[in-house]
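Hi,

Here is the structure I promised to pass on. Have a look at it first, and then read on for what turned up.

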Amino acid sequence: MIPVTKPFLPPVEEYESYIRDIWQRQWLTNNGPLVNEFELRIKMYLDVPHMLYVANGTIALQLAIRALELTGEVITTPFSFIATTSSAMWENCKPVFVDIHPATLNIDPDRIEAAITPRTSAILATHVFGNPCDIAAIDDIAKAHNLKVIYDASHCFGTKYNGRSVYAYGDISTTSFHATKIFHTVEGGAVFTQDPELLKKMAYMRNFGFDGPENFACVGINAKNSEFHAAMGLANLKYVDEILSKRKELYLYYTENLERLDKELQLIQKNTVYNYSYLPILLPSEELIKKIEMYLNANLIYPRRYFYPSLHTLKFVDQYECPVSLCISKRVMCLPMHHKLTTEEVNFVIRILFRAQNY
């Protein structure tokens, strides 16, 4: 079987070493030493000033929305994972969908201003498949209209834009360290900001609002993560450069050998060091996607139609016209990409793709 992804796992004895230390200390959660070490090492690796490790990428988005005190309408993308939209709705904000650019697959900045109303409080954009949005354009719009910016950067570990980690942009950036991501802590996520006061606010919120043993600074939630999850992150971090290198190698091999396939590839933003976290291909029609998926599945190959469906079509959101996202979501497929994937397996996937297209 060739799945769309596999989680990287470090040598078990390296993880066990961290676990034995946890057993000895009997400090399992509540901002323990491994969580602190993990945060420090992630900040050093990414060269970012402020970061908080949290339970998952969804709660990271919710903390960001709460910390920025967003209300009313939030402009967002219909081409993202459900958590981008559901987090805004969970925090009582109304998602206003703006269509995407057909080549970058990110929210189209040229369409944002038309969607701004007196009730708009923020732009919540996703760097789709690790490809940075047009950050400069979004930043200009936000400043002109006094809007906050949150970037859902769940796919972006290792991506740089203009020489800096892409997490360094926006009022707050969030990420996911879920097991399906290029770098993971089994479950987990993080918030990043350049503003130390925002960081302090989110630190309170992450731990029920506690400000000392008997005081509460604000309304909070349990968004903490555990020593066991931090241990997995520390064990994996040692290998992340190797993982990124392998992804790049696979991506380039795929694309070189798929030149004759009738498809389009995502346009990567200029001035980007890309992390090659996914390999999405856009096929000419939904019919062909379904045919190819059937051929691949019959050979125990499991790509993913991702993102599908377009979020603006969900039954619990207000309806907006997003024809580009609707069209892309029906024609996109992410091919298998993971550190264990062999050249022979990639060649097999490629052969089935051509067979499905040509017969």
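On the surface, Met1, Leu300 and Tyr302 make up a nonpolar patch whose accessible area together is about 320 Å². A patch takes residues with over 30% relative accessible area and no salt bridge, joining like charges within 9 Å and nonpolar side chains (Val, Leu, Ile, Met, Phe, Trp, Tyr) within 5 Å; a salt bridge is a side-chain nitrogen of Lys or Arg within 4 Å of a carboxyl oxygen of Asp or Glu. Areas follow the Shrake-Rupley method with a 1.4 Å probe, and for residues only the protein chains shown count as cover. Methionine 1 sits in the segment before β1 (2–3) and counts as exposed because its relative accessibility is 67% (buried is under 20%, exposed over 50%, partly exposed in between).

Please keep in mind that this is a predicted model: local features need pLDDT of at least 70, side-chain atom pairs count only at pLDDT 80 or more, and totals for chains, interfaces and linings use all residues. Residues are numbered from 1 along each chain as its sequence is written, and side-chain values use heavy atoms, leaving out hydrogens and water.

Now to the strands. Helices (H or I, at least four residues) and strands (E, at least two) are DSSP runs numbered from the N terminus, and two strands pair if DSSP finds at least two bridges between them. Strand β3 (residues 73–76) pairs in the parallel sense with β4 (residues 94–97) over four bridges, and also with β5, again parallel over four bridges. Valine 74 has proline 95 as its bridge partner in β4 and alanine 122 as its bridge partner in β5. Strand β5 (residues 120–126) is largely enclosed by the rest of the structure, because seven of its seven residues are buried. Five bridges link β5 to the parallel strand β6 (residues 148–152), with threonine 126 opposite aspartate 152. The crossover from β5 through helix α5 (residues 135–144) to β6 is a right-handed β-α-β one: with the strands pointing away from the viewer, the path from the first strand over the helix to the second runs clockwise. β3, helix α4 (residues 82–90) and β4 also form a right-handed β-α-β unit.

A few backbone details may interest you. The peptide bond from tyrosine 306 to phenylalanine 307 is cis, with omega near 5°, and another cis bond joins tyrosine 308 and proline 309, with omega about 0°. Asparagine 92, in the loop between α4 and β4, has a positive phi of about 65° although it is not a glycine.

Best wishes

Technical notes
Buried means under 20% relative accessible area, exposed over 50%, partly exposed in between (1.4 Å probe, protein chains only).
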